[in-house]
Amino acid sequence: MTGWVNQVFCEDALAGMARIPDGSIDLILTDPPYNLGKDYGNASDQQSVEAYLAWTEQWIDAALPKLKANGSLYVFLTWRFAPEIFVMLKKRMTMMNEIIWDRRVPSMGGSVRSYSSVHDTIGFFVNRKDYYFDLDAVRIPYDAETKKARSRSIFVGAKWLEVGYNPKDVWSVSRLHREHPERADHPTQKPLEIIERMLKASCPPDGIVLDPFMGSGTTAIAAKRLGRRFTGFELNPAYCDIIQERLAAPEVPVVGSKKRKAAAKTAVTTEGTP
Ligand SMILES: C[S@@+](CC[C@H](N)C(=O)[O-])C[C@H]1O[C@@H](n2cnc3c(N)ncnc32)[C@H](O)[C@@H]1O
């Protein structure tokens, strides 16, 4: 039964995940409510701390059995609850990285009694040592200047210079602004550039990614663009409509493309991620 593949179901993830066969998912990539009081048209981001952490443990325990033995998980969080949730996950998986997403927030305004928070925290976890990871798919090419500086005879033939370098654990990608073509009407939509890097590295071509909290459907769109399969859930019917519209729409230029960078230069900040 594969009726759940390449589908986003408009329903509670906890109920829906029960239909997914155990051991069928290559990658869980998800961006759950951070419990910062956002209005998603439901109370998922407005829970007491105890209820939020108990609910988090519930969805983790519903999702992890779906993962293949060589599968991985990425979870977006913030500093507020990342410590507690990382502890939960470390009891069940091996933690490989804490990735900092620097949202490139401009230096203006912000907190006056603490430091302004300008990053999200992403946990990267794996089931076991032989997890799928395609480093070559996400290497970053060296710029022409670096290549030239390293062109002396001792570097000639250096493979690393040709293939590019391994992305570091701080990812500096602008959050989405209204001017960006990929922007949809969702308050915490994530950039395709980030989701696509995760998929390229950690989901094999034609593999299946599960996102229990689809929001505007970024994980599904990225999977479709990259020839991966997807499945997932979203509670808010208005966001479910956005997902279907995005899946049906022609491709848009993404963050990081030249066009996107030009647009970002003149962008006006919107609420973006918390
Ligand atoms: C942080 S947003 C995800 C944003 C998404 N990554 C994107 O790029 O658009 C979290 C989403 O989870 C949804 N949600 C909350 N509780 C849910 C549940 N129990 N089942 C399914 N979706 C849920 C919310 O409605 C919200 O849209």
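Biologist: At what angle do helix α2 and helix α3 pack?

Modeller: This is a predicted model, in which local features need pLDDT of at least 70, side-chain atom pairs count only at pLDDT 80 or more, and totals for chains, interfaces and linings use all residues. Residues are numbered from 1 along each chain as its sequence is written, and side-chain values use heavy atoms, leaving out hydrogens and water. Helices (H or I, at least four residues) and strands (E, at least two) are DSSP runs numbered from the N terminus, and axes are lines fitted to C-alpha atoms, for helices over the stretch in contact, with angles from 0 to 180 degrees between N-to-C directions. Helix α2 (residues 49-63) and helix α3 (residues 82-90) have axes 11 Å apart, and their packing angle is about 30°.

Biologist: Is α2 roughly parallel or roughly antiparallel to α3?

Modeller: Angles under 35 degrees count as roughly parallel, over 145 as roughly antiparallel, 65 to 115 as roughly perpendicular and the rest as oblique. The angle between α2 and α3 is about 30°. The relation of α2 to α3 is therefore roughly parallel.

Biologist: Which residues of α3 make the contact with α2?

Modeller: Contact means heavy atoms within 4.5 Å. From α2, the contact uses Tyr52, Leu53, Thr56, Glu57 and Ile60. The residues contributed by α3 are Glu84, Ile85, Met88 and Leu89.

Biologist: How many residues in the contact of α2 with α3 are nonpolar?

Modeller: Ala, Val, Leu, Ile, Met, Phe, Trp, Tyr, Cys and Pro count as nonpolar, Asp, Glu, Lys and Arg as charged, and the others, Gly among them, as polar. One residue of this contact is polar and two are charged. The number of nonpolar residues is six.

Biologist: Within what arc do the buried residues of α3 fall?

Modeller: Buried means under 20% relative accessible area, exposed over 50%, and partly exposed in between, with a 1.4 Å probe and protein chains only. The buried residues of α3 are Ala82, Ile85, Phe86, Met88 and Leu89. Seen down the axis of α3, these residues line one face of the helix, because they fall within an arc of 155°.

Biologist: What is the relative accessible area of Asn35?

Modeller: Most residues other than glycine have a negative phi. Phi of Asn35, however, is positive, near 65°. Asn35 is found in the loop between β2 (25-30) and α2. Asn35 is buried, and its relative accessible area is 10%.

Biologist: Is Arg104 buried or partly exposed?

Modeller: Arg104 lies in the loop between β4 and β5, and its phi has a positive value near 50°. The relative accessible area of Arg104 is 45%, so this residue is partly exposed.

Biologist: What distance separates the C-alpha atoms of Ala220 and Leu247?

Modeller: Ala220 is found in helix α7 (residues 218-225) and is buried, with a relative accessible area of 0%. Not counting residues up to four places away in sequence, Ala220 touches Val8, Met214, Phe230 and Leu247. Ala220 and Leu247 are 27 residues apart along the chain, and the separation of their C-alpha atoms is 7.6 Å.

Methods
Arc of directions from axis to C-beta.
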